[in-house]
Amino acid sequence: MFDESRPIFFQIAEQVEEQVLDGTLPEGSRAPSSNELAAFHRINPATAAKGLNLLVDAGILHKQRGIGMFVSTGAQDLLRHRRREDFAATYLTPVLAEAARLGITREQLAQMLLNAKEEA
Amino acid sequence: MTTTPALELRSLSKRYRKRGNVVAALDDVSTTLQEGRIYGLLGRNGAGKSTLMSLATAQAFPTSGEALVFGHTAYEHRPTLATLCFVKESQKYPDDFEVRHALHCASLAFRHWDADFAARLVTELRLPTDRRIKKLSRGQLSAVGIVIGLASRAELTFFDEPYLGLDAVARQVFYDRLLEDFAEHPRTIVLSSHLIDEVADVLEHVLLLEDGRLVLDAPADEVRGGVTTLHGPTRAVLDAAGSHEVLARKDLGPVTQLTVKARYSGAELAAAEAQSIGVEPATLQQTIVFLTRAGERADA
Amino acid sequence: MSTSPILVSARVQAANRNTFVWVPLLVLGGSTVLTLAVWWAVKAAGAETQLFSGSVQAPFWYLLVVGAQAVALTFPFTQALSLSRRDFWLGAMLNFSVFSVLFAVLLWLLGLVEGATGGWWMNGRMFAFPAELEGGAGFPNAGSPWYLLLYALLAMMALSIGFAFGTVYKRFGPTGLTLAITGTVAAVIVLFVLSVRLDWWPTLQAWFPADRVPGNVAIITGVIAALGFFVSWALIRRVPA
C-alpha cells in the first residue's frame, strides 16, 4: 500500500490531496480524521496526524475546533497550481531519461505524445 | 509537554552467570518512552526484549540501574503496578485454568477493564473460553494475552511477540482493534517483535536491541527508508552513492548493487534515476538488518 | 471500584474450583470409601475388633501439591495481573486460611457422624480417635472443637510446607530445592540422633506432657506452618516471575 521511499505520513497527505484534486473530497467537506485514517490503513494514528498537519500547513485543510478538519476553499486550485509546477520534475524528467536510454529522439517522443492523445 | 515519561530506563542491566562467564541479557540500556505512543521493541530472539519488559514491570530484578514507570519503580508499589499490564509470551497460568478463569481474574485485577471489549475480542479471535489453557494452541495462547492486554487498557501495556501462532485473520483483528482502541483510549503501548515488517506500520517509535544493547532509538519515520539500495552500472552507482556510508556492496561484472545509509529524494533521486540507476529504499526490516550488520562489522 | 489486590490474589487462587473444592473432596471421598470397603471386608471375614484407619491423611498430601503450585503457577499469573509480591502472599494466606477452616469443619462433621453411627456401624475410626478407645492415642471424643483446630492447623501446615518448598524452587531452581529437601531431612535426623545421644527425651516429655496430646500436636503443627510461611515470605520478595 505504501512505498518505502517516502515517509508514510507524506503518502497519507498525498492520498488526501488526490481526493481533493479529483473532487472526492469537495471543498468545505470534512476530511477523514487521523484515527479514521489510522484504522483504514492500519498505521499509527500519530503518523496519520502528521500527514494531515502537512495539509493544514499547506492551506489545503483547516481545523475546526472540536469538530475535525475540513477542506479549505480554494484547496483544489491550490493543489492544481502546485502539481502543474511539479509536473516537469515528476513526470517529464523520468520520461526524457528513459527515452535517451532507448535512443528515442525528442521528435519521436513528441509524435508518440500526439498519438497517445488521440488514443485517449 | 512536561508530563512524566511513561517509562524511563536508567543504565538498566541484567547479567547472569553461564558456565562461569558473565552474560549480559540487558546491557546498560537507557531511554525514555513518552506517554500516548506505540513503541516497537525490536530485535532478534534472545536480544533482551523479554528481559527488558520483565525488568520494567518488576517481574524480574535488574543487576544494576533502574526502570521508572511514571516516575516510580514498579517493585512492590501498588499505584505504579496498577498502571501496568504485561502478559509474557511464555506466560504461566494456574494449573487446570480455563480461558474464562484467566479473563475473570483479569477483569478483577485491572481497574480499566472493559468486559464488552474483552467479549468482542474473544468472539473475533475465536477463543474457546471453556477450554483449558494447557490445551490451547500457540495461536490461542497468544490470543489470551491479546485479550488481556487490550481489554485491560493499562496506562503502560507490553505485548510480548503478540502475534505468535496467530493466523492472518486473527493478526488483522489484533492490529485493527489495537489501533481503534488506542485512538479512543490513548495510552503507551510497547510491542515486542522479532518480525519487524509485521508491526512496522503501527509503530511511532522504534527501539532496537542487539545482544542486550540498545542500538537504535528513533522515530519509525526516520528509520524507514533510511537505507537505500542502488543498482546499475558501477561507475554511475558509485557517483550516485557520493559520500554516503556504504553498508553493503555486490558486484556482477560491470553492474554494482550498493546499499547506502541515505534516503534518496528530490534532486538526488532525480539525478540517480537520470543515470538509469535503480533506486530502491529498504523496508523497516531491511533497514534494521543493514544497520545491525553494520554494527557487527564495527565490532569485528 | 476495583477489588482490593489482596482479594484479587485470593480469588485468582480460588478461581478454579477443581483445586480447592473438587479434587480435595475426591481424594477425601476416595480414601474414605476405600477404607469403608476394607473394613466391610474385614468385618465380613468375621473380625470383631476395633478398627482404625489413617486414611484422613490422604487429602493433606494433596495439599502439599496445592501449596507448591500456588508459587509455581499462580504466582507468575498474579504477576501478569500486576499484583505485588506482598499482595500475592497475603492473598495466598487468606485463601489457605479460608480453605483450612472450611476443610476442618467438614472433617469435624464427619467425625461427629462417625461417633454418632458407632464408627460407621462397623466400630471403625478414621476422623476422630477418642482416648477412651484402646489405641485412641489421647485424643478427645468425636465432635470436640479440638478437631476443628487440629485439622485446620494440619491443613495450614501441609499448604505451608508445599508453599515454602515451591518458593525455594522458584528462587533457587531444582538444585536449591534438592538441597533444601536434603537439608531438612538431614536436620530432622541430626536432631533425632542428638535427642537420643544427649538424652533430651525427659525434657521434651516435660514440654509436651502425654496427657495433653491435642495441645501438643496443635503447637507443633502451628510452629511448622508458621516456619514455612516465614520462609516463603522471606524468599518471595526476590523471586522473579
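A: Helices (H or I, at least four residues) and strands (E, at least two) are DSSP runs, numbered from the N terminus. This is a predicted model, in which local features need pLDDT of at least 70 and side-chain atom pairs count only at pLDDT 80 or more, while totals for chains, interfaces and linings use all residues. Residues are numbered from 1 along each chain as its sequence is written, and chains are lettered from A and ligands numbered from 1 in the order in which they are written.

Chain C holds 8 helices and 2 strands. Along the sequence these elements come in the pattern α-α-β-α-α-α-β-α-α-α. The box filled by the C-alpha atoms of chain C, taken along the principal axes, is roughly 60 × 50 × 30 Å.

Helix 3 of chain C covers residues 58-80, 23 residues in total. From its first C-alpha to its last, this helix reaches 33 Å, close to the 33 Å expected at 1.5 Å a residue (the expected span is 1.5 Å times one less than the number of residues). After helix 3 of chain C comes Ser82(C), which has a positive phi, near 60°.

Where chain C touches chain B, 26 residues of chain C and 26 residues of chain B take part (two residues are in contact if their C-beta atoms, placed from the backbone, lie within 7 Å). On the side of chain C that touches chain B, at least two residues each come from helix 1 (5-14), helix 2 (17-44), helix 3 and helix 4 (85-116) of chain C. Sorted by class, the side of chain C that touches chain B consists of 12 nonpolar, 10 polar and 4 charged residues. Here Ala, Val, Leu, Ile, Met, Phe, Trp, Tyr, Cys and Pro count as nonpolar, Asp, Glu, Lys and Arg as charged, and the others, Gly among them, as polar.

Of the 2 pairs of chains that touch, chains B and C have the most contacts. Chain C and chain A do not touch, and 26 Å lie between their nearest C-alpha atoms.

Chain B has an assignment into domain 1 (7-218) and domain 2 (228-282), with bounds that come from an automatic or database domain assignment. The centres of these two domains of chain B, taken over C-alpha atoms, are 39 Å apart.

Chain B also has an open sheet of 4 strands with antiparallel pairing, in the order 11-12-10-13 (two strands pair if DSSP finds at least two bridges between them). Strand 11 and strand 13 (278-281) of chain B are at the edges and have a single partner strand each, so one side of each has no neighbour in the sheet. On average, neighbouring strands of this sheet are turned by 15° against each other, direction ignored.

Strand 12 (residues 255-260) of chain B pairs with strand 10 (residues 228-233) of chain B in the antiparallel sense over 6 bridges. In this pairing Leu230(B) is opposite Leu258(B), and Thr228(B) is opposite Val260(B). Strand 12 of chain B also pairs with strand 11 (residues 246-252) of chain B, again antiparallel and over 6 bridges. Here Asp251(B) faces Thr256(B). Strands 11 and 12 of chain B form a hairpin with 2 residues between them, and Gly253(B) in the turn has a positive phi of about 60°. Helix 9 (residues 234-241) of chain B lies across strand 10, strand 11 and strand 12 of chain B, at about 145° to strand 10. Axes are lines fitted to C-alpha atoms, for helices over the stretch in contact, and angles run from 0 to 180 degrees between N-to-C directions.

Chain B meets chain A through 23 residues of chain B and 20 residues of chain A. Helix 4 of chain A supplies the largest share of chain A's side of this contact, 5 residues. By class, that side of chain A has 11 nonpolar, 5 polar and 4 charged residues.
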